[in-house]
Amino acid sequence: MTRLRKVLTSTGWLGLIVAVLVASLPYWFIQTQFLLSVCTVALIFMTASIGWNIISGFGGQISFGHSIFFGLGAYTAALFQNRLNGNAWVGVLLGMVVAAVVAVLLGLLTLRLRGIFFALATFALTLTFAILATHFQSFTGGAVGVTLPILGNDPAQFSFDNKLGYYYIALIFAAASFIVAWLILRSRFGLQLRAIRADQDAAKACGVLATRVKLIALALSAVVTGLAGGIYLEYIRFIDPNSAFGANLATQIAVIAFVGGSGYLWGPVIGAAILVPLQQILNSGLSTFPAGFNLVVYAVVVLAILWFEPRGLLALRRRFSSRKRRAKGDSPDAESSATDDTSPGSDNGLTTSGVDR
Amino acid sequence: MQQLIQTLMSGILVGGLYGVFSSGLTLIFGITRVINFAHGDFVTLGMFGAVLLFTSLGINPLISIIPVAIGTFIIGALIYSVIIRRTLVVKGITAIDAQHGQLVLTLAVSILISNSLLMLFGPSSRSVSGFLGHSYNIAGIYLSEARLVSFIVAVVLFLLLYLALQRTLYGKAIRATVDDRDMASMVGINPNRVFLLSFSVGTMLTGIAGCVLAMYYPVTPTTGQQFLVIAFVTVVMGGLGDIVGAFVAGIVVGIIQQLTAVYVAIDLQNAGLFVAFVLILVFRPQGILSRKRVGI
């Protein structure tokens, strides 16, 4: 019971407030279909980025290929529905399974690589998937992509008349993914993952089975991102090789988490809440400006945030708290060791005190 | 047989330029360990430089090399000192966090460059037309004059870079930093200046490669994207920080690409390359040409 209270006081209250707030948004803030659509897309990318955060944030294995899992989630569902006339929900579920299986296969190959080399390998792999999806047209539909028919209001087939339906579905899955990420972070497994981020060799020396932990984390991460791909498909009802496996999506999933703060539980949430609406509104609002202007603004915003704090927005909290502590007159040594506890997979990430964030 | 020789020749000719911009990347990536996602866009900048100077002032791309080199050198120096350097001086940042920050910052720079070009010049493809338009027929094998000249320029550039690294004091400082960063700073080499120099020279070489490439390759604001991964493939294949390796690997990559395009399928020419890249990373991370073992 005390444990439950502790859980609620640490992240729970904040989470509960945010959840209630976001769930009620359509009734007091989002009055137009456009805003509802922006928020739905934001929630979908939030889910994808929460998945990314499991292996790349908590585990420190930066992936620039999570679009593989997003794309597989979307493509599996699309092909299952179009070719086999399968149920949409089953298709999304299948997409998650396929993403997990491919994650394990690719992980066996690439997780031996460290740091930036893992990032490069995953980036090359997602571009390979895009090329292959374009080439094998008879199976995937080629560059034209796959379009799902519009079915009207049919919840059993993941199809709604009202955008509100999609909004709540996306919200429920984003919240579920957040809880999964939170449970992982709190668990012994999450601690092992964070230890790998801090220092893989030291973690191994402490008895962490690094390869196995990373492989499981990648699979879990792929399942969550694959789910996001599935929801995206059902909402947009169209997928093509570029929007599934392209470089833009691959980097966007990572950039969202980086801007919020990679490795922080709330990082992808904050990042998606800022970047996706920014991008969506720029895309539609600036149509009078020459093409490219919207992405210039987007790039400048990302540059400004990361220039100011390369670890992402949530790391600012740490900076301010350390400034406050300095004002109180603590010694600089005590400050640095105390603040490091709150950083993701920090240098002394093996202490349990850093887990409750 | 004739087709095979023709394929090999075009692979080698285009591979020379791959070698030059990959040498640029190996200076940046191999020395500063910055994953420079904007590298492909540096190629685009060089190409646009050549095309604009040619269409507006009628300057021959071979002469444009000089202004393009100066321009891209300054851009590289600015990007390093304003953006990359920033990640290293934030208080209490770990090396890994700094590297991740650089990754995303260069990505944003890439988006910024390609979309600024799109905004200014539109999406249409531009080229230097009518310059070195001949092609030679040697025993049934066609060699375009532009490609031949660009290959010669690539070799000359590479030799100049090689000599500069071997003979000048700055070159020696760079090589010392590649070999052992800590030891180099212990003997009085300022790593910051080495990093700044490598980044700027790397950007400059890439810009020049783009400038020469523009002689036969049309440019759009997003042309650079396809060169980004090619450059990384080449650098890893040649061994990190290895200039000779990067140049030779550039030619190998050019040949692999052409062979896949001719004998497998033209739209798969990069897929084969990327798969080869992942396999090389996994099984020979020190590069295919190097005998040195590098911990990755």
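B:Arg33 sits in the loop between α1 (2-32) and α2 (39-57) of chain B, where helices (H or I, at least four residues) and strands (E, at least two) are DSSP runs numbered from the N terminus. B:Arg33 has a positive phi of about 60° although it isn't a glycine. This is a predicted model, so local features need pLDDT of at least 70 and side-chain atom pairs count only at pLDDT 80 or more, while totals for chains, interfaces and linings use all residues. Residues are numbered from 1 along each chain as its sequence is written, chains are lettered from A and ligands numbered from 1 in the order in which they are written, and side-chain values use heavy atoms, with hydrogens and water left out.

**Positive phi in loops**

- Most residues other than glycine have a negative phi.
- Buried or exposed, or in between: where does B:Arg33 fall? At 31% relative accessibility, B:Arg33 is partly exposed; buried means under 20% relative accessible area, exposed over 50%, and partly exposed in between (1.4 Å probe, protein chains only).
- A:Arg237 also isn't a glycine and has a positive phi, of about 65°.
- A:Arg237 belongs to the loop between α10 (210-236) and β2 (238-239) of chain A, and A:Arg237 is buried, with a relative accessible area of 7%.

**The hairpin in chain B**

- Strand β1 (residues 135-138) of chain B pairs with β2(B) in the antiparallel sense over four bridges; pairing takes at least two DSSP bridges between two strands.
- B:Tyr136 stands opposite B:Leu143 in β2(B).
- Two residues lie between the strands of this hairpin, and B:Ala139 takes a positive phi near 50°.
- In a regular strand the side chains alternate between the two faces of the sheet.
- For β2 (residues 141-144) of chain B, B:Ile141 and B:Leu143 make up the covered face, and B:Tyr142 and B:Ser144 the uncovered one.

**Where chains A and B meet**

- Contact (heavy atoms within 4.5 Å) links 45 residues of chain A with 48 residues of chain B.
- The buried area between chain A and chain B is about 4,300 Å², with carbon and sulfur atoms giving 79%; that's the accessible area (1.4 Å probe) that two parts lose on being put together, summed over both.
- The rule finds one salt bridge across this interface, meaning a side-chain nitrogen of Lys or Arg within 4 Å of a carboxyl oxygen of Asp or Glu.
- A:Arg197 and B:Asp97 meet through their side chains in a salt bridge (2.9 Å, N to O).
- On the side of chain A that touches chain B, α5(A) gives the most, with twelve residues.
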